[in-house]
Amino acid sequence: MTPKSIAIIGECMVELSGQPFTAMQQNYGGDSMNTAIYLKKLAGNEVNVNYVSAMGTDPLSRALIEKWQAHHINTDNVLLSHNKQPGLYMIQNDASGERTFQYWRSDSAAKYLVQHADFNKVLTALAQVDAIYLSGISLAILSEQDCHTLLSHLAQLKQQGIKIIYDSNYRPALWLSKMHCHLANNKAYALADLALVTFDDEAQLWGDSSVAQCTERLHQQGAHEVVVKLGADGCQYSKKHPDNSISVELFNTVAVEKVIDTTAAGDSFNAGFLAYWLTEQPIKHCAQAGNLLAAQVIQQRGAIVKIDTPAIKNTIENK
């Protein structure tokens with residue numbers, strides 16, 4: 001069987017973790033790269049994962065790209081900028097595992113992806129994949145014009161039959177205004193063959209008072225399939241049919257002994273879901289994979305952690 005291919009658009013940054021003015025740990029992360037790496041870990045040779053971004057030519061940028069390549073991520077469409085560097089963030093976790101961030105990314109190379117002289121090369125590559133994944137963060141870091149330009153290109157690619165997958169991943173501080181955020185998300189939802197969203201994010205952005213209201217709105221905005229992530233309560237999957245009816249299924253997650261770090265919970269869920277969705281497996285298996293993978297990740301510290309792929313696959317196969 002020919003492997004499926006997906007392009008993941010976004011930004012990966014240098015990560016510092018620990019207490020200020022102590023020996024802090026260096027790592028890397030970003031919602032899109034977290035999803036890319038976990039997707040490749042779980043899907044293996046069944047899915048080719050291509051990362052689309054921009055980085056500098058400095059030693060840190062090159063070291064980061066080598067790290068991604070070590071996870072078997074295709075970096076052919078990571079464009080290099082001679083006058084820009086990668087973004088940086090610092091992360092701290094409280095006793096319950098919840099995290100807080102500080103960012104230094106306002107002039108990062110990824111912010112100027114659409115303006116890069118070689119961006120047409122990226123568009124040519126995007127026309128060759130089965131699916132394109134991006135998040136609200138992928139859009140929010142761009143200028144308003146670049147955001148509009150990227151979404152216009154995605155609309156053309158969708159017309160060519162390429163699946164569009166979108167996670168709103170709402171981070172208020174990244175958006176120029178709530179109006180710009182609403183406009184961009186409206187366009188993204190309208191393109192989405194699959195929307196993977198977190199209810200808390202959607203409630204904050206749109207004022208949804210219930211999962212049902214959130215689901216109905218997303219389908220009205222144009223999303224075909226919708227997954228609403230509900231944290232410890234699992235996830236809800238819904239699909240709009242040709243007769244405009246909407247079918248809904250709820251999938252419980254697995255209980256964990258202790259939550260250590262929720263940094264990449266949603267990103268890893270997306271990866272697990274996509275590993276099975278891209279290969280056209282039953283939705284039940286997609287949701288189980290997402291829940292099982294996220295459960296492993298939140299019991300360890302850091303955005304990118306070791307996962308037990310056989311355990312996930314065996315659990316799904318034996319249910």
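This is a predicted model: local features need pLDDT of at least 70, side-chain atom pairs count only at pLDDT 80 or more; totals for chains, interfaces and linings use all residues.

Trainee: Why are H3 and H5 called roughly parallel?

Mentor: The axes of helix H3 (residues 119–126) and helix H5 (residues 144–159) cross at roughly 30 degrees and come within 11 Å. Angles under 35 degrees count as roughly parallel, and H3 is therefore roughly parallel to H5. The crossing of these two helices is right-handed.

Trainee: Which residues of H3 and H5 meet?

Mentor: From H3, Phe119, Leu123 and Leu126 meet Leu150, His153 and Leu157 of H5. Sorted by class, this contact of H3 with H5 has five nonpolar residues, one polar residue and no charged residues.

Trainee: What makes H5 and H6 roughly parallel to each other?

Mentor: H5 packs with helix H6 (residues 178–191) at an angle of about 10 degrees, and their axes are 10 Å apart. Since the cut-off for roughly parallel is an angle under 35 degrees, H5 and H6 are therefore described as roughly parallel. On the H5 side, the contact is made by Glu144, Cys147, His148, Leu151, Leu154, Ala155 and Lys158. On the H6 side, His180, Ala184, Lys187, Ala188, Ala190 and Leu191 take part. The residues of this contact divide into eight nonpolar, two polar and three charged.

Trainee: How do you know whether H7 is roughly parallel or roughly perpendicular to H8?

Mentor: Helix H7 (residues 199–206) and helix H8 (residues 211–220) have axes that cross at roughly 75 degrees and come within 10 Å. The range for roughly perpendicular is 65 to 115 degrees, so H7 is roughly perpendicular to H8. Phe199, Glu202 and Trp206 in H7 meet Val211, Cys214, Arg217 and Leu218 in H8. This contact of H7 with H8 has five nonpolar, no polar and two charged residues.

Trainee: Which residues line the largest cavity?

Mentor: Its lining consists of Ile9, Gly10, Ala110, Leu113, Ser138, Ile141 and Leu142. By class, five of these lining residues are nonpolar, two are polar and none is charged.

Trainee: What makes up the lining of the second largest cavity?

Mentor: The second largest cavity is lined by residues including Glu11, Cys12, Met55, Gln85, Pro86 and Ala110. The residues of that lining divide into six nonpolar, four polar and one charged. Glu counts as charged, and Glu11 is one of the lining residues.

Methods
Residues are numbered from 1 along each chain as its sequence is written. Side-chain values use heavy atoms; hydrogens and water are left out. Axes are lines fitted to C-alpha atoms, for helices over the stretch in contact, and angles run from 0 to 180 degrees between N-to-C directions. Helices (H or I, at least four residues) and strands (E, at least two) are DSSP runs, numbered from the N terminus. Angles under 35 degrees count as roughly parallel, over 145 as roughly antiparallel, 65 to 115 as roughly perpendicular and the rest as oblique. A crossing is left-handed if the near helix is turned anticlockwise from the far one by less than a right angle, and right-handed if clockwise. Contact means heavy atoms within 4.5 Å. On a 1 Å grid over the protein atoms alone, a cavity is a set of points where a 1.4 Å probe fits but cannot get out, and a pocket is an open set with protein on both sides within 12 Å along at least five of seven lines; lining residues have an atom within 4 Å of a point.
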